[in-house]
Each structure stands twice: as structure tokens, then as C-alpha cells.
Amino acid sequence: YQIDGSANLPAIENNLLFSSKNHVFGNVSSPYSLGKQLFENCISKGKLAQAYILNAPGGMGKKTVLRYILSLMLCDTHTSCGTCLSCKSIEAGAHPDVVNLMREEDRATLGVAAIRDIKNEVYTRPVMADYKAVIVHEAHLATTEAQNAMLKMIEEPPEKVVFFLLCDTLAPILPTIISRSVVLNIRPLPN
């Protein structure tokens, strides 16, 4: 996967590359990857952004890239070791410090009530890891009201909470959310 960082990343970090080699999750890695290095450095220095937008059409690997980032961020050693309880919990999709926000299947949009429902969970300290991750699936389907509620949390995030917005397109995302996030545009590697 190739990830192009947004303009709010330094120039050297604008071409992030995760290649498909054998990693603990089998999908995303590269020991020489600038993307891996970027997140490792941010985590070790405690300088993660308050929000990341993973932008790509459906089926391009947003969740795979996110799972890899989470494994670095929440791993006991911040190395994505694959053996600690945090890594195993991420792989199983059951980490207590990962909050998933999804629209209800019978709804066309993600409404403001869903955002308000997770507010208490967002403001509690991490249980197992150093950080807590809030994942907003299909963020491009969030209503304007829902996005404004998200924006309030992103602007004043609790300590050690990082938001990840997964979207198929940036067009419906409020410019104020985009301006407060690091946008990672994911696309296939060229042949």
C-alpha cells in the first residue's frame, strides 16, 4: 500500500510506504518503511496527531493499514510484537482501548446520537495500553451534526486518545475536521 501524507506532514514524510510482506498480521509491513518509522517515532516521542483520516475507495486496505498502526500504537513495546496481550487483542478485534463507531445497518448515515453515545467511553483513560483509539468507520457517511460533534472531541481530545476516521472520499468531510487531522490517502502500489 502506498500512503500519501497530507500537506501538514514534513516533506520527507509525504510518501509513506507499507509493503505487503510477512508481518505479524501478514498484510502490512516493511522493516524499512517510512510509514512504520513515522509512527514509531511519533509514538516514542508522544507526538501522535489527535486525528488521522485514512482515505481510500472501499476495498483498498484502510482497515489493514489501520490495524498495523494500532499494533504499533497499542503494543506493550510499541513494536507490533504480535505476542503481547495488546497485539493479540488487536488481532482478535477485542482490544479494550479501541472504540469502534459504526452506523447502524438500517441507517444510511452515521448520526449525531452515535457520536454522543461514545462520548463517555472516549473520555475514560486507556485500560490496557498507553493510548486509546477511536475508530469512526465510514466517516464520509456522518451527518453534518455528527461531524460537528466529532469535531468538538477532536479539537479538545482527551490525553492519549487518537481518532481514526476511515472514509471512501474526503468530499463530505467538514474542512475543519480535515484541517485538524493528518490525511493519509491510500492507493495501490504501482506495478
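Helices (H or I, at least four residues) and strands (E, at least two) are DSSP runs, numbered from the N terminus. The model is predicted, so local features need pLDDT of at least 70 and side-chain atom pairs count only at pLDDT 80 or more, while totals for chains, interfaces and linings use all residues. Residues are numbered from 1 along each chain as its sequence is written, and side-chain values use heavy atoms, with hydrogens and water left out.

**The whole chain**

From the N terminus on, the order is β-β-α-β-α-α-β-α-β-α-β-α-β. Of the 191 residues in the chain, 50% are buried; buried means under 20% relative accessible area, exposed over 50%, and partly exposed in between (1.4 Å probe, protein chains only). A contact means heavy atoms within 4.5 Å. Among contacts between residues at least 6 apart in sequence, 71% join residues at least 24 apart.

**Two loops with a positive phi**

Select H78, in the loop between α2 and α3. Phi of H78 is near 55 degrees, a positive value in a residue other than glycine. Then go to K160, in the loop between α5 and β6. K160 also is not a glycine and has a positive phi of about 70 degrees. Most residues other than glycine have a negative phi. K160 counts as partly exposed because its relative accessibility is 31%.

**Helix α3**

Next, select K88 in helix α3. Leaving out residues up to four places away in sequence, K88 touches G82 and T83.

**The largest pocket**

How much space lies in the largest pocket? The volume is about 290 Å³. Select L70, I90, G93, N100 and I135, the closest to the pocket centre of the 14 residues that line it. The elements that give two or more residues to the lining are α2 (62–74), α3 (85–92) and β4 (98–101). Helix α2 gives the most, with five residues. By class, the lining has six nonpolar, five polar and three charged residues.

The terms used here are set as follows. On a 1 Å grid over the protein atoms alone, a pocket is an open set of points with protein on both sides within 12 Å along at least five of seven lines, and lining residues have an atom within 4 Å of a point. Grid points are joined across faces, edges and corners, and the volume is the space filled by probe spheres (1.4 Å) set on the points. Ala, Val, Leu, Ile, Met, Phe, Trp, Tyr, Cys and Pro count as nonpolar, Asp, Glu, Lys and Arg as charged, and the others, Gly among them, as polar.

**Two histidines in one loop**

Select H137, in the loop between β5 and α5. H137 counts as buried because its relative accessibility is 12%. Beyond its neighbours within four places in sequence, H137 is in contact with residues including K63, N100 and L166.

H140 lies in the loop between β5 (132–136) and α5 (144–155). Is H140 buried or exposed? At 13% relative accessibility, H140 counts as buried. Its side chain reaches the backbone nitrogen of D168 at 3.1 Å.

**The aromatic pair**

Finish with Y52 and F164, a stacked aromatic pair, 5.6 Å centre to centre with 15 degrees between the planes. Rings of Phe, Tyr and Trp (its six-membered ring) pair if their centres lie within 6.5 Å; planes under 30 degrees apart count as stacked, over 60 as edge-to-face and the rest as tilted.

Conventions. Polar contact = N/O pair within 3.5 Å; in protein donor to acceptor, adjacent residues only side chain to side chain.
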